[in-house]
Amino acid sequence: MTALETIDDVDRLLAGQNYVCDRALSTVVFLALRLGRPIFLEGEAGVGKTEIAKALATGLGRRLIRLQCYEGLDASSAVYEWNFAQQMIAIRAAEAAGEVKSEALNTALFSEEFLIERPLLEAMRPQEGGPPVLLIDELDRTDEPFEAFLLEALSDFQVTIPELGTIAASEPPIVVLTSNRTREVHDALKRRCLYHWVDYPSFEREIEILHARAPEAAASLSHEVVAFVQQLRTEDLFKKPGVAETIDWAKCLLALDVISLSPEVIADTLGAILKYQDDIAKLQGSEAKRILDEAKASLEIA
Ligand SMILES: Nc1ncnc2c1ncn2[C@@H]1O[C@H](COP(=O)(O)OP(=O)(O)OP(=O)(O)O)[C@@H](O)[C@H]1O
Ligand SMILES: [Mg+2]
């Protein structure tokens, strides 16, 4: 494993995965690894919350195990389930052999052979290369009972299966939780974690990110794209563009051989940065030109 002795080592590790992070974020990552605490990342959409878990896993050479949260997610989808279909087949086979009432069958039906491991249980298992990175993504989409359940699972890193007993992680996984803050996550869970708000990047940092993710874009176009997106984020929009949108847009412009932004080009490619019709409608007419002029003016000052 790569030794991470300093915050600079974390920076380098993430940079090696084309992930550009600011000092505050690399400090949180460093501390989380050092203290063995989960990282809780909140922020707008498309600012690199999920990506950091991926970059960390690849950089450290660990397996990434992802638990995608959604409304109604329950323990059976998060931890384990019994393979009901296979159990039925085993029962049928036993029936045919006349062994249906045997104690042995009962034990066999609830053995690991019929266990389907879901992300939380998988993350407790030893993995090649060391403890995995467990990404619990978009936690705000689940409900409170699941959060309470998670709190318990994260506090002792063990899972109890009534028929099998307790399975404990020999080494706890590196846990990254993310939330888009569509609702507040409970304090008790937050308290267990190191918290970081992932904000939109500064102009300079977004240029760096674009350079890392779309290196084929010329500096002049990258500057215009980032200045425009940064200006756009100051407008009153239903959904502001994230970093993901900046990168997508630059790639679209490259595919169209655009060298420099114009109001016409912006109007034709707006779907790459704005995803709501109301927002797109707002930029019709002279608005795109006004924002572009402001963006260009900000570049001249810089
Ligand atoms: N700091 C960064 N360095 C490099 N790439 C970044 C960075 N931030 C964002 N990106 C790029 O933006 C894309 C989207 O990021 P990601 O999926 O992590 O966003 P998110 O915050 O999880 O968004 P959502 O809330 O919508 O899930 C990534 O695939 C990556 O290419
Ligand atoms: Mg995400």
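What distance separates the centres of domain 1 and domain 2, taken over C-alpha atoms? The centres of these two domains lie 36 Å apart. The structure is a predicted model. Its chain is assigned three stretches of domain: domain 1 (7-75 + 118-198), domain 2 (81-112) and domain 3 (203-297).

**Nonpolar core**

- The largest nonpolar core holds 70 residues.
- Within this core, the residues with the most contacts are Ile39, Leu56, Val176 and Phe228.
- Domain 1 (7-75 + 118-198) and domain 3 (203-297) each supply at least three residues to this core.
- Valine 176 is in contact with Ile39, Leu41, Ile52, Ala53, Val133 and Leu135, when its neighbours within four places in sequence are left aside.
- In soluble globular proteins, nonpolar side chains tend to be buried together.

**Surroundings of ligand 1**

- Ligand 1 is surrounded by 20 residues, and the closest of them are Gly48, Lys49, Thr50, Glu51 and Ala244.
- Helix 3 (49-60), helix 10 (203-213) and helix 12 (243-255) are the elements that give two or more residues to the shell around ligand 1.
- Sorted by class, this shell consists of 10 nonpolar, 7 polar and 3 charged residues.
- At least three residues of the shell come from each of domain 1 (7-75 + 118-198) and domain 3 (203-297).

**Strand hairpin**

- Strand 6 (residues 158-161) and strand 7 (residues 165-168) run antiparallel and are joined by 4 bridges.
- The two strands, strand 6 and strand 7, form a hairpin, with 3 residues between them.
- Valine 159 has isoleucine 167, in strand 7, as its bridge partner.

**Arginine 141**

- Arginine 141 is found in the loop between strand 5 (133-137) and helix 8 (144-156).
- Apart from neighbours within four places in sequence, arginine 141 is in contact with Cys69, Tyr70 and Glu71.
- Glycine 72 lies 69 residues from arginine 141 along the chain, and the C-alpha atoms of these two residues are separated by 8.7 Å.

Terms used. Residues numbered from 1 in each chain as written. Chains lettered and ligands numbered in written order. Predicted model: local features only at pLDDT ≥ 70, side-chain atom pairs only at ≥ 80, totals over all residues. Pairing = 2+ DSSP bridges. Core = buried A, V, L, I, M, F, W, Y, C linked by C-beta atoms within 7 Å. Buried ≥ 20, exposed ≤ 12 C-beta atoms within 10 Å, placed from the backbone. Domains from an automatic or database assignment. Contact = placed C-beta atoms within 7 Å. Near = placed C-beta within 6 Å. Nonpolar A, V, L, I, M, F, W, Y, C, P; charged D, E, K, R; others polar.
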